[in-house]
Amino acid sequence: MNKTELIEHISTKADLSKADAGRALEAFIGAVKQTLKKKGTVTLVGFGTFGVSERAARTGRNPRTGEAIKIKKARVPKFRPGKALKDAVN
């Protein structure tokens, strides 16, 4: 399912216009991005938790040359599914 299909699904299920569903989805995505940027978490009970993880600096290898390279530390987004989502998939 891509973004357009998701907007169409939301539009149908919530009885909204596609424009309204698109704005709602964009607002949700924006809220998650803004919260993660501030190192916060977004928890949707039964669905899961969006959070940020710190990845330490490390040494890696260039696969083409085998040369050692330094990889900077980074903050990366993560998602932990909730129990209801896990149960729905299995």
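How many bridges join β1 and strand β2, and in which sense do the two pair? The legends below take up this point and then other close-up views.

The structure shown is a predicted model, in which local features need pLDDT of at least 70 and side-chain atom pairs count only at pLDDT 80 or more, while totals for chains, interfaces and linings use all residues. Residues are numbered from 1 along each chain as its sequence is written, and side-chain values use heavy atoms, with hydrogens and water left out.

**View 1. The open sheet of three strands, in the order β1-β2-β5.** β1 and strand β2 (residues 48-55) pair in the antiparallel sense over three bridges, where strands are DSSP runs of E with at least two residues, helices are runs of H or I with at least four, and both are numbered from the N terminus; two strands pair if DSSP finds at least two bridges between them. The pairing in the sheet is antiparallel. β1 (42-44) and β5 (74-81) stand at the edges with a single partner strand each, so one side of each has no neighbour in the sheet. Neighbouring strands of this sheet are turned by 30 degrees against each other on average, direction ignored, with axes taken as lines fitted to C-alpha atoms (for helices over the stretch in contact) and angles running from 0 to 180 degrees between N-to-C directions. Leucine 44 has glycine 48 in β2 as its bridge partner.

**View 2. Helix α2 (residues 18-37), lying across β1, β2 and β5.** The helix runs at about 35 degrees to β2. With 20 residues, α2 reaches 28 Å from its first C-alpha to its last, close to the 28 Å expected at 1.5 Å a residue, the expected span being 1.5 Å times one less than the number of residues. Ala21, Gly22, Leu25, Val32 and Leu36 of α2 are buried, where buried means under 20% relative accessible area, exposed means over 50% and partly exposed lies in between (1.4 Å probe, protein chains only). Seen down the axis of α2, these buried residues fall within an arc of 100 degrees, so they line one face of the helix; the arc is that of the directions from the helix axis to the C-beta atoms. The buried residues of α2 pack against α1 (3-14), β1, β2 and β5, whereas the face turned away from the buried side carries the exposed residues Arg23, Ala27 and Lys37. Just after α2, lysine 39 takes a positive phi of about 65 degrees.

**View 3. The cluster of Phe28, Phe47, Phe50 and Phe79, linked by ring pairs.** A search of the whole structure finds three aromatic pairs; rings of Phe, Tyr and Trp (its six-membered ring) pair if their centres lie within 6.5 Å, and planes under 30 degrees apart count as stacked, over 60 as edge-to-face and the rest as tilted. The rings of phenylalanine 28 and phenylalanine 50 have their centres 6.4 Å apart and their planes at 70 degrees, so this pair is edge-to-face. It links distant parts of the chain, phenylalanine 28 being in helix α2 and phenylalanine 50 in strand β2, 22 residues apart. Phenylalanine 28 is partly exposed at 36% relative accessibility, while phenylalanine 50 is buried, at 18%. Between phenylalanine 50 and phenylalanine 79 the ring centres are 4.9 Å apart and the planes at 50 degrees, so the pair is tilted. Phenylalanine 79, in strand β5, is 29 residues from phenylalanine 50 and is partly exposed, with a relative accessible area of 32%.

**View 4. Threonine 49 in strand β2.** At 14% relative accessibility, threonine 49 counts as buried. Leaving aside neighbours within four places in sequence, threonine 49 is in contact (heavy atoms within 4.5 Å) with Thr41, Val42, Thr43, Lys78, Phe79 and Arg80.

**View 5. Arginine 75 in strand β5.** Arginine 75 counts as partly exposed, at 40% relative accessibility. Not counting residues up to four places away in sequence, arginine 75 touches Leu36, Lys37, Lys39, Val52, Ser53 and Glu54. Arginine 75 and serine 17 are 58 residues apart in sequence and 36 Å apart in space, C-alpha to C-alpha.
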